[in-house]
Amino acid sequence: MFRATLKSLLARKVRLILSGLAVVLGVMFVSGAFVLTDTLGRSFDAIFADAYEGVDVNVAARPKIDVGETEGMPVVPEPVPAAVLEKIRAVPGVAEATGLVAVDGARLIGANGKVVASFGPPQLGENWTGESELVQLREGRAPQADDEIVVNRALATAGKVKVGDRVGVLTLQPKQEFTIVGVFGYSGGRDSIGGANEIMFTTPVAQRLMLGTPGTFSNISVTAAGGVSDAALRDSVAAAVGADFEVRTGTQLSEEAAAGMKEALSFFNRILLGFAAVALLVGTFLILNTFSIIVAQRTRELALMRAVGASRRQVIGSVVLEAVAVGLVASVLGLGAGIGIGALLAYLFSTFAGGLTLAGIGVPLSAVVGAFAVGLVITVVAALLPALRASRIPPIAAMQDVATPDRPLTRVTVAGAVVTAVGGALLALGLTGNAGGNTLATILGGVLFAFIGVALLTPLISRPVVGLLGAVFAWSVPGKLGRLNSGRNPRRTAITAAALMVGIALVTGVTVILDSAKSSIGGLAQDNLKAELVIAGAQSGPRPPSFDPAVLEKAAAIPGVRLVDGEYGDLAMVGGQRTWVAASSDIAALRQIFGAEPTAGDIDRLAPDEMLVSSDTATARGLSVGSKVPVQTSRGEARTYTVTGIYAASQLTNPVVLPAEAARGFTIPQPIQGFIQLAPGTRVADVQPRIEALLADSPEVSVADREAFIEQQTGQLDGLLTMIQILLALAIVIAVLGIVNTLALSVLERTRELGLLRAIGLRRAQTMRMITVEAVVISVFGALLGVVVGAGLGAAVVEALRDEGITDLVLPWTQMGIFLGLAAIVGVVAAALPAVRAARINVLGAIAHD
Amino acid sequence: MTATVGQHAQAAARASDVWKVYGSGEAQVVALRGVSAEFERGRFTAIMGPSGSGKSTLMHCLAGLDSVTRGTVSIGETKVTGLNDSGLTKLRRDRVGFIFQQFNLLPTLTAKENILLPLSIAGRRPDQAWYDTVIATVGLRDRLDHRPAQLSGGQQQRVACARALVARPEVIFADEPTGNLDSRAGAEVLGFLRNSVREHGQTIVMVTHDPTAAAYADRVVFLADGQIVSELIEPTAETVLDTMKKLDTPAEVTR
């Protein structure tokens with residue numbers, strides 16, 4: 001039996017390769033994700049170990065606000081007073097203690113007048129403390145005067161600046177000019193550590209520009225005297241400085257830093273695994289279909305085996321064994337491809353992130369285990385149903401003609417209805433927020449069940465829908481034959497179409513959600529934003545762009561400008577809770593520009609110790625006019641503010657508005673956005689260039705009219721959409737393979753029929769057209785299902801997000817039309833090979849074909 | 001005995017010195033050795049011979065389903081030898097009809113659609129009177145909306161016959177049309193094949209190894225070892241059987 005299985009396997013190489021390819025792609029995603037995260041993880045380990053190599057013990061103060069990696073704000077280190085440095089120097093066992101300033105947010109304006117951007121690695125502003133084992137001057141000298149800086153080689157290259165250049169640098173302060181007096185690199189000939197850009201000032205300048213407090217440091221690096229262990233030193237230093245400071249060894253520090261990066265990486269990993277899951281779901285359909293067709297074609301052979309004494313179990317075993325072989329081969333290939341893809345992505349990542357030195361490509365055990373678990377399990381599970389069906393073939397079938405009767409669709413339809421209902425229920429539960437802590441898992445489960453359920457219902461729908469779709473082509477004989485062929489095996493058509501449905505449904509669903517969000521945001525801005533001009537910039541890294549507050553006053557002085565409002569934003573502790581807060585340069589202008597309405601109190605003015613809250617925040621936290629709330633911003637001491645006004649909840653401002661003075665304590669003490677309302681009759685084109693001129697020293701932002709601003713705001717969603725579409729395109733590619741596979745198998749199965757048609761005069765071109773129509777009908781059917789299911793899922797999510805401000809449901813009709821059109825093209829492409837094969841059939845051989 | 005048989009001016013199909021060789025070297029098989037034959041219009045000709053005699057090959061070559069190694073084949077005035085695929089397709093579509101041993105109906109189409117398929121492929125409208133006549137002849141009027149799976153073997157073969165007849169081809173080639181039928185169903189099929197020749201002037205060339213089937217023909221051509229060895233006009237089952245017996249012995253020896 002074993003030999004017979006292997007022989008039949010080898011006899012059907014091509015079709016197994018096609019279905020195996022789906023598994024290969026899925027496995028590739030899984031193992032690629034693991035290889036990528038492992039490689040990057042070890043690279044970061046190496047970088048941080050290096051960066052903290054010269055540090056035995058590090059002393060820092062706890063930041064006032066705890067900010068996560070992905071929250072859109074950098075962490076503000078709490079300044080360490082110089083007195084602490086003196087205290088540490090006196091601790092026995094300390095060889096040397098150096099006060100350091102190393103804070104993210106020093107942005108160099110490059111030779112092209114634009115800020116040298118970073119897409120993740122920090123832009124450090126530091127104090128020069130001399131060369132060390134790690135830091136080495138490559139050119140020039142150390143900074144001595146207040147307007148002298150040195151930069152690392154990576155930054156000099158990226159900004160196209162050199163020693164002797166006069167350059168602008170943005171820090172906590174607006175643009176200031178410096179002379180580059182030196183360029184430094186690192187041990188081992190490196191130009192950057194982990195892609196970070198570094199600018200080093202003299203210590204007083206670094207303290208003023210990066211910390212905002214003279215005479216303080218962001219941290220203190222301590223080296224141990226001979227014979228003192230790092231841990232012992234840490235403990236004695238900790239005892240000396242007291243509980244207000246965090247004292248850690250260099251090893252701890254590098255581990256913590258690496259752990260932070262790895263957390264971000266694991267998020268990335270999960271996204272990749274999500275797409276792998278989609279690819280594998282589609283692949284499962286494909287394998288199920290292939291094995292079903294193979295079993296159907298082998299009915300006679302399997303019946304013969306039963307007739308000569310093979311048991312049911314042996315028949316199941318033979319089909320499952322085939323699946324295991326396919327799964328194994330696919331897993332090995334997928335693993336190989338995954339290692340390649342992982343390495344490639346790691347390389348791209350390192351290049352994109354600005355010279356991250358990669359550790360060697362690693363193949364973690366998780367990649368290997370994941371590849372084989374996924375590849376084997378998926379293939380075997382998908383082959384199980386066909387195997388069971390094979391075992392039910394009666395031995396007598398060997399003697400009869402292979403007329404397999406159409407099995408009724410009742411059972412599969414009932415099962416489909418039940419599974420769809422379960423999926424719907426899970427979705428409803430997840431989307432209404434009744435799933436407890438497992439909202440995401442519940443929604444994903446719901447989507448999965450919905451897909452499987454619809455796939456099971458598809459055979460029932462396929463007859464009428466395919467008939468209807470096919471009617472479009474039925475004007476010609478080949479068209480009519482193709483249409484009849486596509487309706488001839490509803491299960492096969494259904495599974496093939498369902499595979500395409502999954503990809504298209506996900507793309508459509510995501511498009512519905514993002515388009516609805518875009519429209520809602522745009523509509524809101526259109527309705528509520530009463531500003532003709534907006535100053536803003538695109539955010540590329542963790543730091544939102546900002547501009548010089550002086551621009552606001554100067555803009556207000558331009559003739560024709562009626563109102564100017566500069567917006568500051570930050571995360572702060574409000575009443576002990578982390579909350580997004582805003583500050584406005586002109587609270588009265590803010591109200592008019594955003595059309596905010598008070599629900600209680602007064603929102604037109606704000607004294608230095610007063611604050612406004614939005615109505616839903618007030619409700620949620622039990623605040624009312626007169627409530628006193630302690631607020632801790634990123635810098636400075638906590639203050640207590642009195643609520644003097646409550647405004648109707650609006651999507652354009654943060655839930656808490658503080659007076660302009662409070663912005664000095666923000667992470668970025670400069671306005672992030674500026675809104676300008678013009679006096680009636682003033683032309684936008686007259687004012688815009690004058691404001692543009694004011695922004696010459698704030699290259700991170702630009703001034704745009706309202707439409708351009710809305711475009712800019714919603715444009716970020718377009719990027720996200722494109723990314724998701726590209727990743728989901730893979731699922732669609734797999735589905736296309738599925739169509740090719742089904743058609744190829746059908747052509748094989750109908751060899752004799754094709755021979756007859758050719759014998760009675762069907763031309764080659766007509767034969768090809770017949771196969772193409774069949775493919776197009778199947779793929780358009782799949783796309784139609786996908787568009788409908790996707791629009792449904794998207795609409796459900798949009799409905800659930802109504803409270804979050806997504807109030808418009810936008811169905812992307814054009815996109816959906818494009819998907820259907822693409823599906824037709826996909827059908828034509830998928831049909832190409834099988835059609836050529838069908839057209840080349842030898843008429844004589846085909847008629848004699850058994 | 002490679003003489004050209006049936007020298008009539010009005011040949012529907014003609015083979016002149018046709019050779020067919022499969023393979024090369026040691027595996028070379030010569031299926032036809034210089035066969036020349038004419039098949040007259042309006043007659044029912046049977047090609048007989050023991051298995052391996054080349055009778056099916058001859059028919060396939062005549063019908064343009066297979067190419068010849070040497071010699072020429074013509075249908076009416078058209079030389080089949082040398083036609084390209086589209087020429088052959090057109091020939092098969094417009095001028096030739098087929099009946100196969102394994103019925104070869106399209107399972108997705110009804111009986112009626114199967115019958116009309118060659119005409120719809122050619123984009124021709126059926127001649128209604130002729131269509132009615134064919135349907136009446138094959139006796140399928142109440143089965144027209146059935147699919148092949150719902151028909152018996154005999155009924156399926158009658159559909160296949162109707163499909164060949166309805167386009168009024170110059171010649172119908174039938175390859176063992178009764179091979180898969182019981183004797184009663186076979187007799188029915190052969191009966192109306194003969195009728196279509198006698199009453200409507202259809203030309204039919206049938207390959208068979210069944211003397212009873214051959215007896216329905218007007219003329220029987222005998223093949224052995226790739227050559228035409230004998231011929232019978234107005235055969236009966238007995239004369240056919242006798243000729244076959246005579247052929248069998250030398251044929252076995254030469255093989």
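In chain B, buried residues account for 56% of the 255 residues, where buried means under 20% relative accessible area, exposed over 50% and partly exposed in between (1.4 Å probe, protein chains only). The model is predicted, so that local features need pLDDT of at least 70 and side-chain atom pairs count only at pLDDT 80 or more, while totals for chains, interfaces and linings use all residues. Residues are numbered from 1 along each chain as its sequence is written, chains are lettered from A and ligands numbered from 1 in the order in which they are written, and side-chain values use heavy atoms, with hydrogens and water left out.

**Exercise 1.** Classify the pair formed by the rings of A:Phe184 and A:Tyr186.

Solution. Rings of Phe, Tyr and Trp (its six-membered ring) pair if their centres lie within 6.5 Å; planes under 30 degrees apart count as stacked, over 60 as edge-to-face and the rest as tilted. By this rule there are seven aromatic pairs over all chains. The centres of A:Phe184 and A:Tyr186 are 5.8 Å apart and the planes stand at 75 degrees, so this pair is edge-to-face. Both A:Phe184 and A:Tyr186 are buried.

**Exercise 2.** Classify the pair formed by the rings of B:Phe98 and B:Phe173, and determine whether B:Phe98 is buried or exposed.

Solution. With centres 6.5 Å apart and planes at 35 degrees, the pair of B:Phe98 and B:Phe173 is tilted. B:Phe98 is buried, at a relative accessible area of 2%, and B:Phe173 is buried as well, at 0%.
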